[in-house]
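I opened this model to look up a few local features. My notes follow the display.

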Amino acid sequence: MSLDVVLSSIFSVAFIATIIRIATPLLLPALGGLISDLGGVINIALEGQMLIAAFTGVVVSAYLPQWFPGWPVWSYALLSGLAGILAALALSWLIAFFHLELRTDIILTGLAINILAAGVTVFILFVLTGDKGSTSQLASLAIPNLFIPFVNTIPLLGTLLNGANGDGYNLLSYAAILLVPVVSLFLYKTRAGIHLRAAGENGPAAGAAGINTRRTQYLALYLSGILAALGGLYLSMGYLTIFQANMTAGRGFIALAIVNLGNRKPLGVLIAALVFGAATALGAQLGTLDVPPQLIEMIPPTITIVALVIYQARRKAKIAANARRFQVESN
């Protein structure tokens, strides 16, 4: 493919549609990571929760028609999604129990959960199918696309709102975008969200003010698990209709980086997720040129590192400015 063709595909509305699809499994867990981070219980296990939800959703969707024949197809997809969310919530409970009740280190607990999820999914996959790689032998269902009527006749807007193929985005892609203002309203306009941020900012002070910090942090981990589960379900039942071993491929960890890059704000998280999605989409387009694949694979992690360095530099500059202002005012 020539360079002109690649450039024309990059500077197009269809490329934006590709970014949205790629950013969806990053944005959903990143919003979950934002909630847990602001609640003072950073969820390192986003990767494992995405993985267990992706696996559970596919397996349940494959067996539900056999267990309960004759039900509507949409009910199978809905129940499979709920099963994936419940599996991720079970891991959230494990994290909360070990950290909040047994006082284990939350980082080490999260890493252990990630290892557990990676091992359990492959083990059960092998028991069910005899294959350690994928569920290709299982007929899994898909979470449907949502088509917005009438907009396809509008130039550019139709492609942007309904995707390059004109059949709409996956339901979870629309949900990811809509959840940004929902999470913002929850964090800054509701009592539970304000309590959550207070518990994360200063737990003892929040407790002295009458806030049940332990219950609030349980809530933060549960909400984080639900959003991570939606990201995993998108991968196995939206973007694909199959589970593959380790199919999350580090997206849970990238989501944690997105939280910091987005300045721990819902809108910032959305922008950062789109930036990472653009980097991945750009790499896919450049892969069609005569460019060493190693260089293409370096694009997303390089952007991650550069973005985090910029964020940290801005953060240190802001802290230094606040310190100088405090010194001037105190004098």
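**Ground rules.** I am working on a predicted model, where local features need pLDDT of at least 70, side-chain atom pairs count only at pLDDT 80 or more, and totals for chains, interfaces and linings use all residues. Residues are numbered from 1 along each chain as its sequence is written, and side-chain values use heavy atoms, with hydrogens and water left out.

**Entry: Q49.** I found Q49 in helix α3, residues 46-67. Helices here are DSSP runs of H or I, at least four residues, numbered from the N terminus. Q49 is buried at a relative accessible area of 0%. Buried means under 20%, exposed over 50% and partly exposed in between, with a 1.4 Å probe and protein chains only. The side chain of Q49 makes a polar contact of 2.8 Å with that of N43. Such a contact is a pair of N or O atoms within 3.5 Å; within protein, one must be able to donate a hydrogen and the other to accept it, and residues adjacent in sequence count only if both atoms are side-chain atoms.

**Entry: salt bridges.** I searched the whole structure and got 2 salt bridges. The criterion is a side-chain nitrogen of Lys or Arg within 4 Å of a carboxyl oxygen of Asp or Glu. One pairs D37 with R264, closest N and O atoms 3.1 Å apart. D37 is in helix α2 and R264 in the loop between α11 and α12, so the pair ties together parts 227 residues apart in sequence. D37 counts as buried at 17% relative accessibility, while R264 is partly exposed at 30%. R214 and E101 also meet in a salt bridge, at 3.2 Å from N to O. This pair links helix α10 (R214) to helix α4 (E101), 113 residues apart.

**Entry: pockets.** I used a 1 Å grid over the protein atoms alone: a pocket is an open set of points where a 1.4 Å probe fits, with protein on both sides within 12 Å along at least five of seven lines, and lining residues have an atom within 4 Å of a point. The largest pocket has 14 lining residues, and R264 is among those nearest its centre. Helix α13 gives the most to this lining, 6 residues. The second largest pocket is lined by 16 residues, with I22, P25, L235, R251 and T280 closest to its centre. Helix α2 gives the most there, 4 residues.

How values were computed: Helices (H or I, at least four residues) and strands (E, at least two) are DSSP runs, numbered from the N terminus.
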